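Here is a short walk through a protein model for someone meeting it for the first time. Take a look at the structure, and then we'll go through it piece by piece.

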Amino acid sequence: MTELVLVGGIFLLALLAGFVPFVSVELALIVSAATRPSLSVLLALALVAAAGLMVGKGCFFLGGRSAFSWSRRRSRRPRLRLPGFLNRATGKPRVAAATVFVSAATGVPPFAVVSPLAGGWHLRLSSFLVVGFAGKSARFAGIVLVPGLLAALHP
């Protein structure tokens with residue numbers, strides 16, 4: 001029962017972190033991994049954290065899609081200058097998906113910035129969610145497994 005509460009709490013915290021970028025899911029995952037749950041619970045924590053975060057970032061994606069399409073209708077000259085590697089992803093789904101994955105897995109560039117930009121890159125919502133979920137799952141799995149394995153080795 002306590003493991004179910006732990007997993008549910010991480011999901012709710014990740015959902016909040018999807019909307020509020022200053023909330024740290026990573027810190028909560030490290031603390032929960034140090035409580036020595038089983039390997040299946042650790043993997044469940046990583047997956048529900050990624051799912052909760054992607055729900056919030058999906059809303060940012062949809063907001064970015066409508067915001068960037070609105071700005072294109074108002075003027076032909078873009079007002080926001082993006083770095084070259086972010087600007088190259090426009091209209092190229094593979095580059096956009098790779099940028100989303102790298103950002104989700106590493107945090108560089110910040111995923112809170114890439115999420116609305118991906119909406120303006122003409123990336124499909126399903127592609128954004130799948131690639132972002134894969135990147136965040138890999139990141140969170142690494143975050144929970146390292147402290148979990150260290151806690152298991154310590155007597």
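Let's start with a term we'll need: a nonpolar core is a set of buried Ala, Val, Leu, Ile, Met, Phe, Trp, Tyr and Cys residues joined through side-chain atoms within 4.5 Å. "Buried" here stands for under 20% relative accessible area. Keep in mind, too, that this is a predicted model.

With that in hand, look for the cores. The largest nonpolar core has 18 residues, and the ones with the most contacts inside it are Val25, Leu29, Leu45, Ala49, Phe140 and Val144. Helix 1, helix 2, helix 3 and helix 7 (125–153) are the elements that give two or more residues to this core. Helix 3 gives the most, with 7 residues. To see how things meet there, pick out Val25: setting aside neighbours within four places in sequence, Val25 is in contact with Leu13, Ala14, Ala17, Ala49 and Phe140. Apart from this core lies another one, of 14 residues, and Met54, Phe111, Leu123 and Val131 are among them. As a general point, nonpolar side chains in soluble globular proteins tend to be buried together.

Now step back to the whole chain.

Which side chain of opposite charge is nearest to Lys57? That would be Glu26, 9.9 Å away. Lys57 is buried yet has no salt bridge. Not counting residues up to four places away in sequence, Lys57 touches Ala17, Gly18, Phe111, Ala112, Ser115 and Phe128.

Finally, turn to the outside. Leu16, Phe19, Val20 and Phe22 make a nonpolar surface patch of about 430 Å². Phe22 sits in the loop between helix 1 (2–19) and helix 2 (25–33). Is Phe22 buried or exposed? With a relative accessible area of 79%, Phe22 is exposed, because exposed means over 50%.

Conventions:
Residues numbered from 1 in each chain as written. Predicted model: local features only at pLDDT ≥ 70, side-chain atom pairs only at ≥ 80, totals over all residues. Heavy atoms only, no water. Patch = residues over 30% accessible without salt bridge, like charges linked within 9 Å, V, L, I, M, F, W, Y side chains within 5 Å. Areas by Shrake-Rupley, 256 points an atom, 1.4 Å probe, with all protein chains shown as cover. Salt bridge = Lys/Arg side-chain N within 4 Å of Asp/Glu carboxyl O. Helix = DSSP H or I, 4+ residues; strand = E, 2+ residues; numbered from the N terminus. Buried < 20%, exposed > 50% of the residue type's maximum accessible area, 1.4 Å probe, protein only. Lys, Arg positive; Asp, Glu negative; His and termini not counted. Contact = heavy atoms within 4.5 Å.
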